[in-house]
Amino acid sequence: MTNTGLQDMRSDAELLDHILDHIDNNTTDLGDEEWYEPVEHYASQTRFDAERRLMRRLPIPFCPVAALPEPGSYVARNSAGVPIVVVRDLQGSIRAFRNACRHRGMQLADGSGCTKIFRCNYHGWAYRLDGRLEYVPHEHGFPDLNKDNNGLVPVHSVDIQGGLVFITQDEPVGPGALESLPKLLTDDQIIFESNEKVEEINWKLTAEGTLEGYHIKPTHPESFFPYGYDNLNVVEMQGPNSRVCYPFRRIEKLRSVT
Ligand code: FES
């Protein structure tokens with residue numbers, strides 16, 4: 001039960017009317033047709049590799065801007081299978097690099113923090129916050145090394161939108177993915193809490209769980225269901241992006257302001 005076809009996002013007032021209509025009629029958004037996802041789509045290594053290559057060519061949200069409050073603040077994690085470090089440089093710009101030393105590929109940064117320089121723990125090569133290779137121990141042992149050509153490898157592009165850092169690692173598949181992203185978040189995001197969980201499952205299983213509310217009552221009988229609705233989804237598409245809404249019951253309080 002997904003997909004209402006290509007459309008622009010509703011305004012807040014239109015969205016409210018649409019949700020109240022579903023509540024009154026005990027209905028939900030429905031797709032144009034049923035869809036059976038082949039099991040092969042979850043099990044195929046070839047498909048998985050192709051999906052990750054595609055993700056590297058799309059702007060992917062990497063971290064909140066708020067995670068990089070000052071020069072030297074960095075966040076390191078994998079994105080589409082590639083170790084990446086995002087850092088705020090001394091001039092305040094946010095940059096993103098492959099998190100790999102140019103000598104033997106050792107990972108340079110781990111987790112998050114603040115640093116003046118990225119120093120490799122293996123042989124001690126050191127990189128400035130703008131990625132330039134600053135220092136090579138016993139440099140006389142590398143007579144052909146041109147330090148200017150051996151800085152950290154930057155991703156294709158870094159974009160900031162809605163208080164989030166998006167990275168596009170490789171040549172983009174085309175324009176429009178970020179431009180058509182609705183301005184739903186303001187720039188002044190703050191971080192209340194963060195955590196990380198690694199699941200040994202295909203990434204689509206996690207993503208798909210957030211794209212349908214058909215499971216809400218059986219799966220969340222004591223957490224979300226008492227505050228929400230069972231099987232009430234509103235799905236909107238805008239370009240390659242989508243918005244999926246699962247309203248809280250307190251939305252009923254807004255009936256009086258429509
Ligand atoms: S791998 Fe980094 S200095 Fe050797």
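**Burial, cores and aromatic pairs**

Me: Is L164 buried, partly exposed or exposed?
Reply: The model is a predicted one. A residue is buried under 20% relative accessible area and exposed over 50%. L164 has a relative accessibility of 23%, so this leucine counts as partly exposed.

Me: In which strand does L164 lie, and with which residues is L164 in contact beyond its neighbours within four places in sequence?
Reply: L164 lies in strand β10, which covers residues 164–168. Leaving aside neighbours within four places in sequence, the contacts of L164 are C63, P64, V65, D159 and L185.

Me: What distance separates the C-alpha atoms of L164 and Y227?
Reply: Along the chain, L164 and Y227 are 63 residues apart.

Me: Which residues have the most contacts inside the largest nonpolar core?
Reply: The largest nonpolar core has 16 residues. Strands β2 (73–79) and β3 (82–88) are the elements that give two or more residues to this core. A second, separate core of 13 residues includes L68, V86, A96 and I167. In the largest core, the residues with the most contacts are V85, F118 and Y127.

Me: With which residues is Y127 in contact, leaving aside its neighbours within four places in sequence?
Reply: Y127 is among the residues with the most contacts inside the largest nonpolar core. Leaving aside neighbours within four places in sequence, Y127 is in contact with C101, R102, H103, L108, I117, F118, R132, L133, E134, N150, G151 and L152.

Me: How are the rings of Y74 and F118 arranged: stacked, tilted or edge-to-face?
Reply: A search of the whole structure finds 3 aromatic pairs. For Y74 and F118, the ring centres are 5.7 Å apart. Plane angles over 60 degrees count as edge-to-face. The planes of Y74 and F118 stand at 75 degrees, so the pair is edge-to-face.

Me: How many residues apart in sequence are the parts that the pair of Y74 and F118 ties together?
Reply: Y74 is buried, with a relative accessible area of 12%, and F118 is buried, with a relative accessible area of 3%. Y74 belongs to strand β2 and F118 to strand β6 (residues 118–119), so the pair ties together parts whose separation in sequence is 44 residues.

Me: Over the faces of which rings do K204 and R249 lie?
Reply: K204 is placed 5.4 Å from the ring centre of Y42 and lies over the face of Y42. R249 is placed 5.1 Å from a ring centre, over the face of F225.

Me: What percentage of the residues in the protein chain is buried?
Reply: The secondary structure of the chain comes to 5 helices and 12 strands. The chain exposes about 16,500 Å², of which carbon and sulfur atoms supply 51%. Among the 258 residues of the chain, the buried share is 34%.

Conventions. Residues numbered from 1 in each chain as written. Predicted model: local features only at pLDDT ≥ 70, side-chain atom pairs only at ≥ 80, totals over all residues. Heavy atoms only, no water. Core = buried A, V, L, I, M, F, W, Y, C linked by side-chain atoms within 4.5 Å. Buried < 20%, exposed > 50% of the residue type's maximum accessible area, 1.4 Å probe, protein only. Contact = heavy atoms within 4.5 Å. Phe/Tyr/Trp six-rings, centres within 6.5 Å; stacked < 30°, edge-to-face > 60°. Lys NZ or Arg CZ within 6 Å of the ring centre and 35° of its normal. Areas by Shrake-Rupley, 256 points an atom, 1.4 Å probe, with all protein chains shown as cover.
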